[in-house]
Amino acid sequence: MQSAAIYYLAGSSQARPVNVLLRDNEISLFCADSQQVITKVMLDELSICAALGNLPCEIKLANGELIVLPGDDQLVNKLRKQLNPASLFLANLEKNKVFWLIAIILVPLCFYSLVNYVIPAAASSVAGQVSQPMKAEIDEHAIGLYDEVMLEHTSLSLTEQAVIERQWLDLLQALDLDVNQYQLLFRASEAFGANAFALPGGTVVVTDQLVQLFTDNPEAISAILLHELAHVEYNHSMQILAESVGTTILMTYFFGDLDGIVELFSGTAVTLVQNNYSRDLESEADDYAIAKLKLLGQSPQAFVDAMQGLSEQGKDYNKLLKYFSTHPEFQQRINKASQAIE
Amino acid sequence: METSEQNAVEQQPSQTTQPVSFNFNGKAGEFFGIWIVNILLSIVTLGIYTAWAKVRTNRYFYGNTELDQHSFSYLATPLQILKGRIIAVILFGGYYIVSIISPVAGLAVMACLLIAMPWLICASLRFKMRMTSYRNVRFDFTGKYGEALLNFLVFPIISVFTLYLLFPYALKRIDQFIVNNTRYGNKQFKAELCTTTYYMTSLVTAVMFGIIIGIFFAVVGNPEEGTGLAGSEMQWLPLLMFAVYLLVLSFIQAFYVAQIRNHIFESTEINDLARFNSSYDFLSLAYLQVTNMLALLCSLGLAYPWVKVRQMNYMVAKTSVELVDNKDQVLDTIGEQSSAISEEVANVFDVDVGLA
């Protein structure tokens with residue numbers, strides 16, 4: 001039984017119709033008109049392309065010549081069974097409508113666990129590899145940059161600073177943390193408002209506005225400092241960095257071939273996933289702060305006060321923007337702390 | 001315009017060309033199966049299968065595109081892509097981490113990347129072309145660093161300082177650079193692009209953008225003056241803006257793409273081998289893109305295979321090719337194999353380019 005095919009010569013665009021015959025371990029090519037034998041090729045001297053949809057089958061010969069047969073040809077099927085059975089399995093899977101249904105269900109489930117469990121776990125183990133001297137160096141670079149673009153010298157008096165500094169050292173000692181690793185800095189900032197943030201190596205920055213906001217409530221400051229210490233203790237900055245590398249690469253490869261406008265959506269998806277990560281970490285830091293407050297014999301009410309004070313600041317909160325926020329909503333955080341009081 | 005017509009008459013290829021068939025045989029249903037299995041296996045293998053997925057997808061689209069009853073082939077192998085991908089991911093991860101750890105070093109890396117960009121673009125186009133074959137003859141891209149630097153960096157940067165007045169000219173140079181450095185075997189593609197067309201198209205595009213934005217603000221009103229929408233509805237403003245933005249973008253993009261693609265195709269030929277034509281039109285292309293976007297949104301992405309096949313069908317239907325009779329005289333002149341690394345790096349750093 002001969003099969004009709006097209007035979008392409010090596011190194012040029014010449015092509016001619018041929019018939020192909022499979023016998024034992026070789027295929028023979030006949031001229032379509034005269035039935036003269038053109039060439040014979042042993043099976044181990046050719047490579048057959050993987051089965052895919054209804055695509056024509058390309059058989060490459062070692063000398064660069066090419067034979068193209070219809071994809072559904074009997075001979076093609078026989079050759080593939082002999083030379084490349086794995087590709088037939090894959091192609092059949094792709095044609096199996098029951099498997100489509102299974103895949104439609106499995107894809108979101110697998111994607112969800114990838115984003116929620118695999119990436120955070122991998123990120124956490126990568127983040128754990130970063131050494132303390134390296135993180136200290138990151139702090140140095142980062143604070144240098146912040147000082148240049150967003151932060152100004154503090155206008156707090158030395159006594160005001162000393163009060164907070166005392167509180168800070170007490171906390172470190174009570175929690176048995178290495179005093180040399182941690183560093184508290186005071187800065188003024190229009191952009192940040194009343195705020196505090198932690199850098200990976202142990203540098204914690206509080207703004208003047210924050211100190212002024214809670215002058216009458218030092219416990220609230222403690223609660224905020226504890227929250228920031230948690231970020232350092234849990235290595236959150238490195239974790240978020242590794243997670244964002246992970247999600248960016250993931251989205252590039254899963255949605256990268258979508259063009260133009262759809263890419264915009266995948267950009268939004270990256271933001272949503274990453275903000276979800278940071279909300280998780282913020283909530284972990286809240287838990288730490290509440291637990292340590294209790295441990296130190298202080299009431300979680302301090303945390304509630306801190307959140308209430310901060311939420312007064314940014315009242316015009318858009319519901320839609322909730323998903324784009326990196327922090328949990330204040331009310332949720334307050335509720336959690338209130339429960340801890342009881 | 002007159003002169004260009006005269007040129008066209010004078011430059012008639014020495015051999016007459018005949019219209020040939022140009023078809024796409026892919027089916028949305030069939031591609032759906034390939035696509036969904038690709039995604040599932042990619043996730044389960046933590047991304048390793050994406051190399052196989054890319055090859056299968058490209059093979060499906062190339063192999064189902066049939067010109068003059070011969071189909072195109074995609075030649076890259078999954079292992080080649082995987083190798084490129086691993087190196088690209090390491091470089092990208094390294095860049096990302098360096099830029100966070102030390103912003104100054106990050107800037108230095110960025111500068112290096114900028115200098116390497118023209119090379120990356122050329123290498124990635126070369127890879128794409130060499131992995132494409134038709135009648136067992138490969139395509140090739142011969143663009144060199146110097147010219148790429150001029151076209152992709154120097155002119156676009158200068159155009160910023162001319163209030164973008166030079167920008168359409170820069171766009172023209174990029175398109176011309178890509179076409180004129182593309183080869184099919186030993187035959188060179190040749191395009192004589194017209195600067196006026198780029199200026200006219202850009203001007204109309206800019207005016208359209210201005211008008212639509214104007215209408216949008218007239219309807220929504222100025223929030224600070226309290227006209228237009230009521231406060232409670234303002235909450236949805238970002239979403240509304242986003243939707244309008246997408247719509248406007250597709251329309252304007254469709255206009256530009258249709259005009260420029262038609263112009264490039266009718267101005268391009270392969271001497272003694274082929275002539276091209278394209279009949280994209282603004283409204284049908286805009287309709288295609290907007291409906292595709294809606295289909296993707298409403299199906300949560302499941303319509304992707306249908307959208308892709310629909311795009312290909314549109315492309316093929318609106319493109320025509322004429323070939324000479326003795327088209328079997330083309331020689332494959334590319335000796336060595338090339339690596340996928342540059343293409344993958346270009347892809348992950350988003351410096352991929354292509355024609356409109």
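Mentor: Let us begin with a definition: two strands count as paired if DSSP finds at least two bridges between them. Please also keep in mind that this is a predicted model.

Trainee: How do you know that β8(A) and strand β9 of chain A pair?

Mentor: β8(A) and β9(A), the latter spanning residues 183-188, are joined over two bridges in the antiparallel sense. The cut-off is at least two bridges, so the two strands are called paired. Within this pairing, Glu152(A) stands opposite Ala188(A) of β9(A).

Trainee: In which sheet of chain A do β8 and β9 belong?

Mentor: They belong to an open sheet of four strands in chain A, with the order β8-β9-β11-β10 and mixed pairing.

Trainee: What makes β8 and β10 of chain A edge strands?

Mentor: β8 (152-153) and β10 (196-198) of chain A each have a single partner strand, so one side of each lacks a neighbour in the sheet. A helix is also found here: α7 of chain A, residues 218-233, lies across β10 and β11 (203-207) of chain A. Helix α7(A) runs at about 20 degrees to β10(A).

Trainee: What holds the strands of a sheet together?

Mentor: Strands of a sheet pair through backbone hydrogen bonds, and the pairing may be parallel or antiparallel.

Trainee: What is the order of the strands in the sheet of seven strands in chain A?

Mentor: The order in this open sheet is β4-β3-β2-β1-β7-β6-β5 (chain A), and the pairing is antiparallel. At its edges stand β4 (37-42) and β5 (46-48) of chain A, each pairing on one side only. From one strand to the next, the twist averages 30 degrees.

Trainee: How do you know that strand β2 and strand β3 of chain A pair?

Mentor: Strand β2 (residues 15-23) and strand β3 (residues 26-31) of chain A are joined over six bridges, in the antiparallel sense. One of the bridges joins Leu22(A) to its partner Ile27(A) in β3(A). Helix α1 of chain A (residues 74-83) lies across several strands, including β2(A), to which the helix runs at about 60 degrees.

Trainee: Why is chain A called more spread out than a compact globule?

Mentor: The globule rule gives 20 Å for 342 residues, whereas the radius of gyration of chain A is 33 Å, well over that value; chain A is therefore more spread out than a compact globule. The C-alpha atoms of chain A fill a box of roughly 105 × 40 × 35 Å along the principal axes. Chain A is divided into domain 1 (3-95) and domain 2 (132-341), and the C-alpha centres of these two domains of chain A lie 64 Å apart.

Trainee: Let us turn to chain B. Why is Gly26(B) called buried?

Mentor: Gly26(B) has 23 other C-beta atoms within 10 Å. The definition asks for 20 or more, so Gly26(B) counts as buried. Gly26(B) is found in the loop between β2 (22-24) and α2 of chain B. Beyond its neighbours within four places in sequence, the contacts of Gly26(B) include Phe31(B), Tyr60(B) and Val309(B). Val309(B) is 283 residues away along the chain, yet its C-alpha atom is separated from that of Gly26(B) by 6.6 Å. Across chain B, 34% of the 356 residues count as buried.

Trainee: How do you know that strand β1 and strand β11 of chain B pair?

Mentor: Strand β1 (residues 17-20) and strand β11 (residues 319-324) of chain B are joined over four bridges in the antiparallel sense. Four bridges meet the cut-off of at least two, so these strands are paired. Pro19(B) has Glu322(B) as its bridge partner in β11(B). Strand β10 of chain B (residues 274-278) also pairs with β11(B), in the antiparallel sense over five bridges, and here Phe276(B) has Val321(B) as its bridge partner.

Trainee: How many residues of chain B are in contact with chain A?

Mentor: There are 49 residues of chain B in contact with 39 residues of chain A. α2(B) gives the most to this side of chain B, with 11 residues. By class, the side of chain B that touches chain A has 26 nonpolar, 16 polar and seven charged residues.

Notes
Residues numbered from 1 in each chain as written. Chains lettered and ligands numbered in written order. Predicted model: local features only at pLDDT ≥ 70, side-chain atom pairs only at ≥ 80, totals over all residues. Contact = placed C-beta atoms within 7 Å. Nonpolar A, V, L, I, M, F, W, Y, C, P; charged D, E, K, R; others polar. Axes fitted to C-alpha atoms, helices over the stretch in contact; angles between N-to-C directions. Buried ≥ 20, exposed ≤ 12 C-beta atoms within 10 Å, placed from the backbone. Rg over C-alpha atoms; globule rule 2.2 N^0.38 Å. Domains from an automatic or database assignment.
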